[in-house]
Amino acid sequence: MHCPFCRHSDSRVIDSRTSDDGLSIRRRRQCPECGGRFSTIETASLNVIKRSGVIESFSREKVMSGVRKACQGRPVTEADLAMLAQAVEESVRQTGVSQIDTNEIGLAILGPLRELDEIAYLRFASVYQAFETLDDFDDAIALLRADHAERASRQDA
Ligand SMILES: [Zn+2]
């Protein structure tokens, strides 16, 4: 890491701190040559392989825009979408891989989206899992209803 002030090729780490979401490390550095101080942020790279084969870096904004369409007209805020995108990134990073395909991102979205809004979840799942008939919706809704019943019985107990 070159010093941004004098371009010296070395620097000393004087403080390291993990960000609140645990996904990056901020380091405070000092140049041994000129004494200048600066910060760097390190994030492990995470790449997405698109269906076309193109590789691009993971973007929370892309997760949000994909989910935003499914949330039209639903009581879902931008903050909800940001939290969902963060949850998706965390769950993907927890698997320890540095490269995933868009399909796996879709899978990682389904869980938190279901918690957020079931209608948006059904819309997203219908596109992502390529629902073809009303039966596909019936099956997905039956699963949601079964979960509701299970949760209700757990609350009664
Ligand atoms: Zn320097």
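The model is predicted.

Start with charge. Four arginines, Arg12, Arg26, Arg28 and Arg37, form a positive surface patch. Take Arg37 from that group. Arg37 lies in strand E3, which covers residues 37-43. How exposed is Arg37? Its relative accessible area is 49%, so Arg37 is partly exposed. The cut-off matters here, because a residue counts as exposed over 50% and as buried under 20%. Patch members need over 30% relative accessible area, and Arg37 has 49%. Patch members also have no salt bridge.

Pair it with Ile14. Arg37 and Ile14 are 23 residues apart in sequence. In space, their C-alpha atoms are 9.2 Å apart. Strand E1 spans 12-18, and Arg37 sits in strand E3.

Now move to Lys69. This lysine is in helix H1, residues 60-70. Is Lys69 buried or exposed? Its relative accessibility is 62%, so Lys69 counts as exposed. Compare its position with that of Ser24. Lys69 and Ser24 are 45 residues apart in sequence. From C-alpha to C-alpha, the distance between Lys69 and Ser24 is 29 Å.

Next come the cysteines. How many disulfides does the structure hold? The number is zero. Two cysteines can be looked at one by one. Cys31 has a relative accessibility of 2%, so Cys31 counts as buried. Cys34 has a relative accessible area of 42%, so Cys34 is partly exposed. A disulfide would need a pair of cysteine sulfur atoms within 2.5 Å.

Last, look at the backbone. Arg7 is not a glycine, yet its phi is positive, at about 65°. Where is Arg7? Arg7 is in the segment before strand E1. Its relative accessibility is 55%, so Arg7 counts as exposed.

Ala130 gives another case. Its phi is near 50°, again a positive value in a residue other than glycine. Ala130 is in the loop between helix H4 and helix H5. Helix H4 covers 118-128, and helix H5 covers 134-156. Ala130 has 47% relative accessibility, so Ala130 counts as partly exposed.

Terms used. Residues numbered from 1 in each chain as written. Predicted model: local features only at pLDDT ≥ 70, side-chain atom pairs only at ≥ 80, totals over all residues. Heavy atoms only, no water. Patch = residues over 30% accessible without salt bridge, like charges linked within 9 Å, V, L, I, M, F, W, Y side chains within 5 Å. Areas by Shrake-Rupley, 256 points an atom, 1.4 Å probe, with all protein chains shown as cover. Salt bridge = Lys/Arg side-chain N within 4 Å of Asp/Glu carboxyl O. Lys, Arg positive; Asp, Glu negative; His and termini not counted. Charge placed at Lys NZ, Arg CZ, Asp CG, Glu CD. Helix = DSSP H or I, 4+ residues; strand = E, 2+ residues; numbered from the N terminus. Buried < 20%, exposed > 50% of the residue type's maximum accessible area, 1.4 Å probe, protein only.
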